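Subject: The structure, and what turned up in it

Hello,

Here is the structure you are taking over. Please have it open while you read, as my notes follow below.

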Amino acid sequence: MTAEPALLLHDVSVAYRKSSESVLAVDRVSLTLGAGRSLGIVGESGSGKSTLANLVLGLLPQGTSVTGSNLAVYGHTLLPWQQADFAAIRGRAAAMIFQDPLSALHPTLKVGRQMEETILCVRGRGRGSSHAERVGLLAAVGLPDPERILGSYPYELSGGMRQRVLIALALAVRPRLIVADEPTTALDPTTEAQIIALLHRTRIDLGASLLLISHNLGMVASMCDDIAVMYAGRVVEGGPTAEVLSRPQHPYLRALLACDPTLVAFGESGDFPSISGETPVFRDPCPGCAFSPRCSERLALCEQLLPPHVTSGTGHYVACHRNLDFVEADR
Amino acid sequence: MLRVVGLRLALSVGIVLLVVFVLFVLSRMLSGDPATMALGPRATQEMREAFAVEMGLDRSVPVQFVAYVRGLLSGDLGADFLSGRPVLVMIGETLPHTIILAVASISWAVALGVLVGVQAALHPGDWIDRVTALTSVALIALPPFVIGIYILILGAIVLDWFPASGLGEGPVDYLHHLVLPSITVGSAWVGYIARIVRAALVEELGSPYVRTATAFGLSRRRIAMRQCLRIAILPVITLIAGGIGFLLSSSVFAEVIFSRPGMGTMIYDAVLTRNYAVAQGGVLAATIMFVALTLAADLTISALDPRTRLQGFR
Amino acid sequence: MRAGWVALLALFMLGAAFAPWIATHDPYALDAAARLRPPSATHLLGTDLLGRDVFSRMVYGSRTSLTVAVVGVLASATLGVMLGAAAALGPRWVDPAALVLIDGARSLPVLLLAMAVVAAVGAGMVTLLCVVVFSSTPTFARFARTQVMVLRSADFVLAERLIGHGPVIVFLRHILPNIAGPILVLAAMEAPAIVGLEAGLSFLGLGVPVGSPSWGAIASEGFRFLERAPWLIWAGTVPVALITLAFTFSGEALGQRLDPRRKVLL
């Protein structure tokens, strides 16, 4: 592929400053999202995946430090980190869809007004949207009665409808990269399925790349070409989705798959399996593998030494001391 | 919504009635002969007797009160014993100037206060923010007459850019004479407004919808001015609504210091010359205006508050 | 920086307390021969229209202002807290009634009414104090009401009520100590308003009795003779300005001490 990747991270770390201490949210992460492809990032809350999403559009709070050897969106280099660089990206190269559509919209502005304002700002003076265009956008995302919705306030719409409005906005600015941060977490399962389908269709229509953040393995499985699994700020496994999910190598991913309610059959005991222990607090980065305290397969050196990434021929990579030889076993 | 309006209206009317009652009580408490108070020291015996009958001083107190209120309602607020002019006419002449002063003062204070507040909110901690914080506290703490005197000294004496007294002739000169007094009255407000706008904006800027707008590339300043300000402006209106009393008293001082004809100077001169009829009329008129303005402001707030507005739609 | 303001406030209080020793002349002593004299060795800040020593009048003026401020604050705070507490702790009907009183009083144009009162009964210390108390009590009442309402559902209060202690005891022993701090801060913030009101009324000739040394009165004369005797206006306004600022910033410092989370202005 000679086209530049949609998103390129190399050895990127993000640290928040909380009162007087530094909290490491993302720890030396390297990822590549090819142009036109989709990447799903999965992990528990606290894994740093949301920080990663916010990173792409520069939505991190002031005082956050971002370091790394490379960070680029469609060739726009974003390191050293400064807000001015993001003007070229926001609403142009990339657009974001947020988790909670209610708070994402201005509570006392009508939907039509917000859309008009936002599109005008992105496209520039004199090139705003017409009423007809906005109606068309809402219709394109499957909203019935777009006229009424344009004249409504966000609280008058359902969660699914609001999310469609946000997707419509993303559609309007025609970004090359869509970043979706848990877009369906706040929605019920039926609506969830619809929104996922809509998102998929939108991406294809635009020919855009997709960065999908989720804790829902099933959703990532159905939507994304590639997957990356994060734990405690680090990427522990990744690669082509089908390959990774059918042959999980990292103990964490294996445990996640075992626990996923959609994949697990209700055992006789009626219990859901779960992973014991809690996600580590960011303040104490472990010198070795962050998952080792909870890992059922841990070795003595796991806590001391950071496992390196090992990549197989298929592009499947994992960072685990137990699986240093999986490359060979794979063949 | 209607219930709220009704209650506020009732309260306002109640306040006016209370003031009328207080003024009535005071008029009966006048140190000295009420006839002299109302008619002046040169009143003749006949005038006094006529006055006594007219005022019903020979009748019982509640009846007097009713007569008093009746008199007020018919527009008879007494007359200036020196010139004989009806108080109502005097009020009609001076009230507009006071209102213009108040409006001008609030206007520039809001304009400047909002601008400074926005700036401070967008760049918290930098020098504008700190200077604003400091000066606003100082301006709020200083009594209005001190501010007025210093403004007069600075503007009319040291710099000699503005006149120290009077109304001016012709529209341009009028404005020229308006500058120093309105700076005096507005200065305390600028401080309050800037701080409130800053605080409200900083809070609004942390809202999730700001994130969306930022993600789409809107500049922070644009978001602040076009989306957050409409919410941040509410506390300002509340502030003004609650501060109309302060506005009135500052205006009185400004009018006195800058020798500006207005309700303030009218009442003040009346008080000094023991011209009770004028003082009473002026206070009553000012109270009614003040209560009406406060009511209007409170209703505006209720109407503008998105929460009440949204509830109204349900 | 804040310590400086507190020190200044203390200085004013000392000045007021030791006025007779600091002042060079009797503040009431007239001297027809030495009218409107500029500052000199004998009269540090010159003389006023009646030949009185301005410096001494300024020093005694601090007594006037601080007396009014302290008495005013004490009276308003006491009345206000009682009213506010009664509204929050008393029987159901007390609250709306108290609110009507408080909001009603707050929405009256105090200065205008003060002028009307003075027009009717004449100027004087008693009138002045009544006006001051009337204008400040609602502030304390409202604040106290809010504070007590927050506390009345606190666990320790409920425990006390369960034991059977009446509301008065609960208030005195448990609630009052807890709100004393914030009330004190409010007092420090109200004091400048009271000083300002007194000085303003005296400036208009409607405050202290004629001839009393008050900063406002000095300023009033100073204003009349702005060009002829400029020392008067400074003697009248600078102390007022400084003391109001000192009260305000000291109040802020106190507030910060009591509640470190409070946002600081400086």
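Glu117(A) and Arg226(B) form a salt bridge, with their closest N and O atoms 3.2 Å apart. By salt bridge I mean a side-chain nitrogen of Lys or Arg within 4 Å of a carboxyl oxygen of Asp or Glu. The rule finds two salt bridges across the interface of chain A and chain B.

Before going on, a word on how to read this: it is a predicted model, where local features need pLDDT of at least 70 and side-chain atom pairs count only at pLDDT 80 or more, while totals for chains, interfaces and linings use all residues. Residues are numbered from 1 along each chain as its sequence is written, chains are lettered from A and ligands numbered from 1 in the order in which they are written, and side-chain values use heavy atoms, leaving out hydrogens and water.

**Chain A with chain B**

Three residue pairs, both residues at pLDDT 80 or more, are in polar contact between chain A and chain B. A polar contact is a pair of N or O atoms within 3.5 Å; within protein, one must be able to donate a hydrogen and the other to accept it, and residues adjacent in sequence count only if both atoms are side-chain atoms. Among the elements of chain A that give two or more residues to the side touching chain B are helix H1 (49-57) and helix H3 (111-123). H3(A) provides the largest share of that side, five residues. (Helices are DSSP runs of H or I with at least four residues, numbered from the N terminus.)

The contact (heavy atoms within 4.5 Å) takes 27 residues from chain A and 19 residues from chain B. About 2,200 Å² is buried between these two chains, 63% of it from carbon and sulfur atoms. Buried area is the accessible area (1.4 Å probe) that two parts lose on being put together, summed over both. On the side of chain A, His106(A), Thr108(A) and Tyr155(A) lose the most area to chain B, together 25% of what that side buries.

**Chain C with chain B**

Here the contact takes 41 residues from chain C and 42 residues from chain B. The area buried between chain C and chain B is about 3,500 Å², and carbon and sulfur atoms give 85% of that.

Happy exploring!
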